[in-house]
Amino acid sequence: MTASSAELPPESQSVLGPLTRAAVFLVVRVDEGAEQIAKDLLADLPGLQRTVGFRALAGGLTCVAGVGAAAWDRIYGAPRPAELHELPVFSGDRHTSVTTGADLLFHLRADRTDLCFELETLIMDRLRGSVTVVDEVSGFRYFDARDVLGFVDGTENPTGGGAARAVLVDDDGPFDGGSYVVVQKYLHDMAAWNALGTEAQELVIGRRKLSDVELSDEEKPPDSHLALNVITDEDGNELDILRDNMPFGRPAYDEFGTYFIGYAKTPSVIERMLENMFVGAPPGNHDRILDFSTPLTGALFYVPTVDFLEDPPEIPASPPAEPEPPAPDGSSLGIGSLRRSSR
Ligand code: HEM
């Protein structure tokens with residue numbers, strides 16, 4: 001390796017990839033004893049993506065893999081990325097989110113469904129018999145990037161450098177360049193939604209339905225989706241996440257859904273949004289979108305860099321202990337050693 005290549009920052013997975021026409025969301029649990037199989041597959045994933053994607057370069061195939069907290073400990077051991085934990089449950093007066101135990105997320109995106117299908121097939125050929133499938137959803141672009149509620153979804157996503165700053169971890173040592181991702185699979189009550197009429201729907205979302213123009217602050221109700229999801233830090237700076245929601249459904253079974261997926265450099269931003277939506281801000285002022293949308297799943301994952309996946313580094317679990325200063329009386333029982341063992 002040359003000196004200059006050694007200085008390159010680690011390569012992130014394709015979290016910043018554009019909205020595509022097709023996506024697959026695959027969530028699995030790793031069976032007991034199958035950790036090495038999962039680790040080997042994750043290491044080979046960038047290669048598998050090239051294997052399928054290179055045959056149809058214009059299709060823009062990408063695959064992002066995320067690892068849940070419990071699976072991280074089993075597959076990679078300590079230490080864990082600083083903010084990787086199980087997604088909390090958010091419970092308000094009317095609506096409660098769910099957390100579904102999940103170990104691995106595969107977020108496949110392409111402009112062609114067949115590319116997602118082919119790569120998912122290769123992934124499952126390696127994992128079949130070693131994992132339990134929690135969920136598999138195939139999403140599609142609906143006209144001009146609308147959700148099945150009929151609204152354009154994704155408009156206010158950050159772009160360019162702003163997107164990278166919003167989603168890539170930059171203060172966690174060996175985990176820098178990674179990201180956090182939250183997924184939730186929602187089903188909509190379309191009969192109730194359609195009974196609202198367009199103007200009332202616009203007050204639920206906070207934007208015009210046809211033109212996608214944002215309602216003014218005076219028009220936008222405090223329980224609209226936008227009012228509750230525009231959040232700021234203590235200095236008033238807006239906190240962004242990168243969403244790549246996809247519609248899915250089976251009209252014959254009256255199934256109409258939105259697969260929510262949000263990437264962020266810290267899960268605390270997404271968790272604050274979920275708190276606002278489910279508990280309400282102030283509490284009780286919940287997101288009206290939830291009166292028509294029910295989450296069936298929910299999970300949080302850390303997205304390692306490509307370098308980490310391909311060659312997981314050995315990371316010391318904690319800094320090496322300082323050498324013990326000799327006790328003044330020469331005995332070996334220093335206070336310091338008691339302190340350390342009680343940590
Ligand atoms: C904005 C739909 C769930 C966070 C929007 C917009 C729509 C939408 C139509 C307006 C256009 C845009 O900027 O994208 C939905 C649907 C959901 C859902 C159908 C599932 C039922 C969520 C969840 C979160 C979230 C769970 C966060 C945890 C946001 C944010 C914005 C947004 C941050 C942009 C706000 C702004 O800066 O204007 N969503 N969303 N959404 N949504 Fe959602």
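Which residues is Phe 90 in contact with, leaving aside its neighbours within four places in sequence? Here are some notes to read alongside this predicted model.

1. Let's start with that residue. Phe 90 is found in the loop between α3 (69-75) and β3. Beyond its neighbours within four places in sequence, Phe 90 is in contact with Ser 97, Leu 274, Glu 275, Phe 278 and Val 279. Phe 90 counts as buried because 22 other C-beta atoms lie within 10 Å, the cut-off being 20 or more. Leu 300 is 210 residues away from Phe 90 in sequence, yet their C-alpha atoms are 13 Å apart in space.

2. Next, the two annotated domains. UniProt, in an unreviewed entry, lists "domain: Dyp-type peroxidase N-terminal" at residues 13-141. Over that stretch the chain is 32% helix and 25% strand, with 22 Å between the end C-alpha atoms. The feature "domain: Dyp-type peroxidase C-terminal", also from an unreviewed UniProt entry, is placed at residues 144-307. This second span is 26% helix and 21% strand, and its end C-alpha atoms lie 35 Å apart.

3. Helix α4 (residues 113-127) is worth a look. Buried positions in α4 are Leu 115, Cys 116, Glu 118, Leu 119, Ile 123 and Leu 127. The cover over these buried residues includes β1 (22-30), α2 (35-53), β2 (62-67), β3 (104-110) and β4 (131-140). Just past the helix, Gly 129 adopts a positive phi of about 90°.

4. The largest nonpolar core has 81 residues, of which Ala 65, Leu 104, Leu 105 and Val 181 touch the most other members. Strand β1 gives the most to this core, contributing eight residues. If you zoom in on Ala 65, you will find that it touches Gln 13, Leu 42, Leu 45, Leu 104, Leu 105, Phe 106 and Leu 309, setting aside residues up to four places away in sequence.

5. Finally, the ligand. There are 26 residues around the ligand, and those that come nearest are Phe 151, Glu 156, Asn 229, Met 273 and Ser 293. Elements giving two or more residues to this shell are β5 (179-188), α8 (225-229), β8 (255-264) and α9 (267-278).

Methods
Residues numbered from 1 in each chain as written. Predicted model: local features only at pLDDT ≥ 70, side-chain atom pairs only at ≥ 80, totals over all residues. Near = placed C-beta within 6 Å. Helix = DSSP H or I, 4+ residues; strand = E, 2+ residues; numbered from the N terminus. UniProt positions renumbered as here; feature names shortened; annotations may be inferred. Buried ≥ 20, exposed ≤ 12 C-beta atoms within 10 Å, placed from the backbone. Contact = placed C-beta atoms within 7 Å. Core = buried A, V, L, I, M, F, W, Y, C linked by C-beta atoms within 7 Å.
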